[in-house]
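Subject: Handover of a structure and notes on its contents

Dear colleague,

Please find below the structure that I am handing over to you.

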Amino acid sequence: MLTSVSRRRLANEAMNQRVLIIEDEFLIALDVADTIENMGLKVVGLANARKHALSLAAHADIALVDVNLADGRTGPEIGRELAEQYGLTVVFMTGNPEDIADGVEGTLGVLTKPVRPEVVEQTIGYAIANRLGGMAIVPRELKVFRGNAN
């Protein structure tokens, strides 16, 4: 009985995770948001630059972050700050994964754009499991930074 209560609690916590999308290409951001909302999760906002991203950080649990944003190559620093100061689980989505090949302190990993909706779903599922101490298979397309794999 205790196991089923724990599973139910974990499932409820998983469905309450809130996602922030930091992407300067509006149509990409909308597409990713649609995928996340179809999973039954809440998107707390879309941001295209540092200031707006940080203003939404306190309302999120997970962030998908592009490397190059409207205010320049600020994604890695935003991701580090979201992880360290706000406790968010951060996954980068970029066409230039080599820009963060060595990883970014405190962040989970990187996906190479373009990213198919099913890969977004798998990655969000993995990020939730990682965040809540559960188990999940690492999506093949996700390069997990050293020290952050389940």
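Two strands are said to pair if DSSP finds at least two bridges between them. Helices (H or I, at least four residues) and strands (E, at least two) are DSSP runs, numbered from the N terminus. The model is a predicted one, in which local features need pLDDT of at least 70 and side-chain atom pairs count only at pLDDT 80 or more, while totals for chains, interfaces and linings use all residues. Residues are numbered from 1 along each chain as its sequence is written, and side-chain values use heavy atoms, with hydrogens and water left out.

The sheet

Six strands make up an open sheet of mixed pairing, in the order S2-S1-S3-S4-S5-S6. At its edges lie strand S2 (42–47) and strand S6 (143–144), each of which pairs on one side only. Strand S3 (residues 62–65) and strand S4 (residues 89–94) run parallel and are joined by four bridges. Within S4, Val-90 is the bridge partner of Ala-63. Helix H4 packs on the sheet and touches S1, S3 and S4 (contact means heavy atoms within 4.5 Å). The direction of H4 makes about 165 degrees with that of S4; axes are lines fitted to C-alpha atoms, for helices over the stretch in contact, and angles run from 0 to 180 degrees between N-to-C directions. Helix H5 also packs on the sheet, touching S1, S3, S4, S5 and S6, and its direction makes about 140 degrees with that of S3.

Salt bridges

A salt bridge is a side-chain nitrogen of Lys or Arg within 4 Å of a carboxyl oxygen of Asp or Glu. By this rule there are eleven salt bridges. One of them joins Glu-23 and Lys-113, at 2.7 Å from N to O. This pair links distant parts of the chain, 90 residues apart: Glu-23 is in the loop between strand S1 (18–22) and helix H2 (26–38), and Lys-113 is in the loop between strand S5 (109–112) and helix H5 (117–132). Glu-23 is buried, at 5% relative accessibility (buried means under 20% relative accessible area, exposed over 50%, partly exposed in between, with a 1.4 Å probe and protein chains only).

Arg-80 forms a salt bridge with Glu-77, with the closest N and O atoms 2.1 Å apart. Because these two residues are three apart in helix H4 (residues 75–86), about one helical turn separates Arg-80 from Glu-77. Arg-80 is partly exposed at 22%, as is Glu-77 at 37%.

Arg-116 and Glu-118 meet in a salt bridge at 2.6 Å, N to O. Through shared partners, salt bridges join Arg-116, Glu-118, Arg-140 and Glu-141 into one network.

With kind regards
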